[in-house]
Amino acid sequence: MAPIVSVSNLSKTYASGFQALKGVSLDIEEGEILALLGPNGAGKTTLISIVCGIVNATGGKVTVGGNDVVRDFRQTRAMIGLVPQELTTDAFETVWNTVSFSRGLHGKKPDPAHIEKVLKDLSLWNKKDSTLRELSGGMKRRVLIAKALSHEPRVLFLDEPTAGVDVSLRKSMWEVVQRLRASGVTIILTTHYIEEAEEIADRIAVINSGEILLVEDKNALMTKLGRKQLRVDLAQPLERVPDSLASYNLLLEGEGERLIYEYDTSADRTGITSLLAALAEAGIRLRDISTRQSSLEDIFVEIVEAGR
Ligand SMILES: Nc1ncnc2c1ncn2[C@@H]1O[C@H](COP(=O)(O)OP(=O)(O)OP(=O)(O)O)[C@@H](O)[C@H]1O
């Protein structure tokens, strides 16, 4: 199937001479959730803004649903919903009017039933007659999503959807995103909460200094780069790791009271059984053992550091 969004060899040099994107290529499949991760200034907003037709590229090409974002601007803009970080609409307008007006801006005929559904889906129905200034921060954020969904887009861009949102609201926003995906909407989100990408994304793209460092299925990424640590708490502290255990590359921590063994989760043999046997043979007694899996955050930091 042809990708719904196709970015090829995209570059952007701002008027200041700063090169924000350096030949970015990325295909986004219909119906997936792609998380775009990158440190501050990596080029995420620039990339999204070009796809949405807000910023002009210096070079390269972007198509949405097969249409060129520059030549066929009207068609592509109608297919896209963008949830920006900040609400910039009139604080004295009601929720209902704000969302309905947004549909009109995209050249769509009024459809009160659709607006009602969007507001209900986002738990904003009982606030439809409230003005925006009467809403909490989290509700305002949901109004931003409602606006972006008002014209029934096929692709939704969410720029930092849960920045500054409390944990329970963040979880409910994730549910909203999952429901949208289930209804067939393709979702691209940028986030600084790596936990958010780990929780809801199907694929992860890592961008740094205007270059895509990696695009990978999330689960494959976690298995491929994910490492596990076995932590062994000792009954008696050791001064040093015995020579007989040298092949395990153990780390002695916490004043000799703890051994750390790192192993590859995708390997056929983890080496744990033989390590435990070798510890017993060396007369080392254990107090406790536990394991820890590296998170997407550990993986992300490693990729970005390696790319520097
Ligand atoms: N209008 C502009 N003129 C000049 N440079 C710009 C302009 N907009 C962005 N930049 C620069 O381009 C780079 C990429 O910015 P961008 O906003 O795309 O990053 P980002 O990945 O979205 O960052 P953040 O996570 O902080 O939102 C930054 O170094 C930024 O200073």
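## The nonpolar core

In this predicted model, the largest nonpolar core holds 63 residues, and Val-51, Ala-146 and Phe-157 have the most contacts inside it. A nonpolar core here is a set of buried Ala, Val, Leu, Ile, Met, Phe, Trp, Tyr and Cys residues joined through C-beta atoms within 7 Å. Buried means that 20 or more other C-beta atoms lie within 10 Å of a residue's own, exposed means 12 or fewer, and partly exposed is in between, with C-beta atoms placed from the backbone. Helix α5 (residues 137-149) gives the most to this core, with six residues. Helices (H or I, at least four residues) and strands (E, at least two) are DSSP runs, numbered from the N terminus.

Let's look at one of these residues. Leaving aside residues up to four places away in sequence, Ala-146 touches Val-99, Val-118, Leu-119, Leu-122 and Leu-124; contact means C-beta atoms, placed from the backbone, within 7 Å.

A word on conventions: residues are numbered from 1 along each chain as its sequence is written. Because the model is predicted, local features need pLDDT of at least 70 and side-chain atom pairs count only at pLDDT 80 or more, while totals for chains, interfaces and linings use all residues.

## Around the ligand

The shell around the ligand consists of Tyr-14, Ser-16, Phe-18, Ala-20, Gly-38, Asn-40, Gly-41, Ala-42, Gly-43, Lys-44, Thr-45 and Thr-46; a residue is near a molecule if its C-beta atom, placed from the backbone, lies within 6 Å of it. Helix α1 (residues 44-51) gives the most to this shell, with three residues.

By class, the shell has four nonpolar, seven polar and one charged residues. For this count, Ala, Val, Leu, Ile, Met, Phe, Trp, Tyr, Cys and Pro are nonpolar, Asp, Glu, Lys and Arg are charged, and the others, Gly among them, are polar.

## Sheet and hairpin

Four strands form an open antiparallel sheet in the order β2-β1-β4-β5. At its edges stand β2 (19-28) and β5 (67-68), each with a single partner strand, so one side of each is left without a neighbour in the sheet. Strands pair if DSSP finds at least two bridges between them; β1 and β2 are joined by seven, in the antiparallel sense. Thr-13 has Gln-19 in β2 as its bridge partner.

Further along, strand β9 (residues 203-208) runs antiparallel to strand β10 (residues 211-217), with six bridges between them. Ile-204 stands opposite Glu-216 in β10. The hairpin has two residues between its strands, and Ser-209 in it takes a positive phi near 45°.

## Positive phi elsewhere

Asn-9 is not a glycine, yet its phi is positive, about 50°. Asn-9 lies in strand β1 (residues 5-13) and is partly exposed, with 13 other C-beta atoms within 10 Å.

Glu-160 also has a positive phi, near 50°, and lies in the loop between β7 (155-159) and α6 (167-182). Glu-160 counts as buried because it has 20 C-beta neighbours inside 10 Å.

The domain assignment, from an automatic or database source, gives domain 1 (5-222) and domain 2 (226-294). Their C-alpha centres lie 45 Å apart.

Helix α9 (residues 272-281) is hardly covered, with one buried residue among its ten. Just after α9, Gly-283 takes a positive phi of about 75°. Thr-270 sits in the loop between β13 (258-264) and α9, and is partly exposed, with 16 other C-beta atoms within 10 Å. Thr-270 and Lys-228 are 42 residues apart in sequence and 9.5 Å apart in space, C-alpha to C-alpha.

Methods:
Contact = placed C-beta atoms within 7 Å.
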